[in-house]
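Subject: Structure handover

Hello,

Here is the structure for your files. My notes on it follow below.

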Amino acid sequence: MKNAILTMTTAAMVLCLSAAVQAGVRVSPHDAPFIPKVVPGTQTVVRVSVLKGKNMPLVRAKLDGRDCTLLFDTGATHTTIDIAFVRRELPDAKLEKVALGGMTNVEGAPMLFPAASLKLGDAEFRDFDVMALDLSGLGPGIGTPVDGIVGMNVIGATPFLLSLGEGRAVFRPDETERAGFKEGIARYADDAMSVAMTPVYGGKMFGLIVDSAASLTFLDKSLGWPSTGEREEIGAVGVNGDSGIGCERGKRGGLVLGIEVEIEPRLVPQRVNCIGADALLRHDMLVDAECVRFRPCRATGRPRLAR
């Protein structure tokens, strides 16, 4: 069995969930829980550093004035911070218990607290709820300190362009930035989760989470994607520790998202289908209102998936 040198984060699977305040605990003070107010302004370019050898996109941020490093995670519905960071850096944060619903493999009980401001470069988001959870296994599993995950409830609050190949995210992209994207090829829906309806072999359609924090593209075997017959084990990083994933290597090519996206997916039974950073390093993604669009990355000498 081969050992992959990349690591897949299961953060998206963990954080694609709904949350409700437990009985006896106050309801979120905001009109729309988790959803921030976007500070008015012109377009903002934020640097996204892709961790070599792991395909993990990281951004430097300030949460209520405190410096932190976050995973830029389009597959996570909620922004979540390591509870140790909250207790150390934000000791006055009012932590309250929440109940989780929907699909989740979180073993611990997450907390909720109101944040006044999150800055990604010059882009600022204000007044929204943040989850606090034990993410102590995330940094060691990835190989660099990470304080949390910035999810779609924040980054999806305004149109943005993500180019992992060029190492940047552009909030409120102008018409020049929007040029070259294909129209009507995907949907942005399902509680701030990026979802694409995508043709695959045999003309089938399936739901696909667009997950920038998954280093590899994974598909369920039931989709019928051809396999090369090779098996391998890939390290997995989740909020509750590390685990290995045994899987088969899929054949390259065949995925269509308005444009042809040539990928080599790993086939794993009974897992969420997701397109990961291996494909997003070669294709820019534009998230705007209820649509997700793709175009080939224009960068030269861009990083490629390690083998």
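The largest nonpolar core has 51 residues, and Leu63, Phe72 and Phe171 have the most contacts inside it. A nonpolar core here is a set of buried Ala, Val, Leu, Ile, Met, Phe, Trp, Tyr and Cys residues joined through side-chain atoms within 4.5 Å; buried means under 20% relative accessible area, exposed over 50%, partly exposed in between (1.4 Å probe, protein chains only). A second, separate core of 11 residues includes Leu58, Ala76, Leu138 and Ile142.

This is a predicted model: local features need pLDDT of at least 70 and side-chain atom pairs count only at pLDDT 80 or more, while totals for chains, interfaces and linings use all residues. Residues are numbered from 1 along each chain as its sequence is written, and side-chain values use heavy atoms, with hydrogens and water left out.

Overall, the protein has 6 helices and 26 strands (DSSP runs numbered from the N terminus: helices are H or I, at least four residues; strands are E, at least two). Of its 307 residues, 55% are buried. Taking contacts (heavy atoms within 4.5 Å) between residues at least 6 apart in sequence, 68% join residues at least 24 apart.

Aromatic rings

Rings of Phe, Tyr and Trp (its six-membered ring) pair if their centres lie within 6.5 Å; planes under 30 degrees apart count as stacked, over 60 as edge-to-face and the rest as tilted. The count comes to 3 aromatic pairs. Phe125 and Phe171 are edge-to-face, at 5.6 Å centre to centre with 70 degrees between the planes. Phe125 belongs to strand S11 (residues 123-133) and Phe171 to strand S14 (residues 168-171), so this pair ties together parts 46 residues apart in sequence. Phe160 and Phe171 have ring centres 6.0 Å apart and planes at 45 degrees, so that pair is tilted. Ring pairs link Phe72, Phe125, Phe160 and Phe171 into a cluster.

Thr217

Thr217 sits in the loop between strand S17 (205-210) and strand S18 (218-219) and, at 1% relative accessibility, counts as buried. Its side chain reaches the backbone nitrogen of Gly276 at 3.0 Å. Thr217 and Asp278 are 61 residues apart in sequence, yet 6.7 Å apart in space, C-alpha to C-alpha.

His78

His78 is in the loop between strand S7 (66-72) and strand S8 (80-82). It is buried, with a relative accessible area of 7%.

Regards

Definitions and conventions. A polar contact is a pair of N or O atoms within 3.5 Å; within protein, one must be able to donate a hydrogen and the other to accept it, and residues adjacent in sequence count only if both atoms are side-chain atoms.
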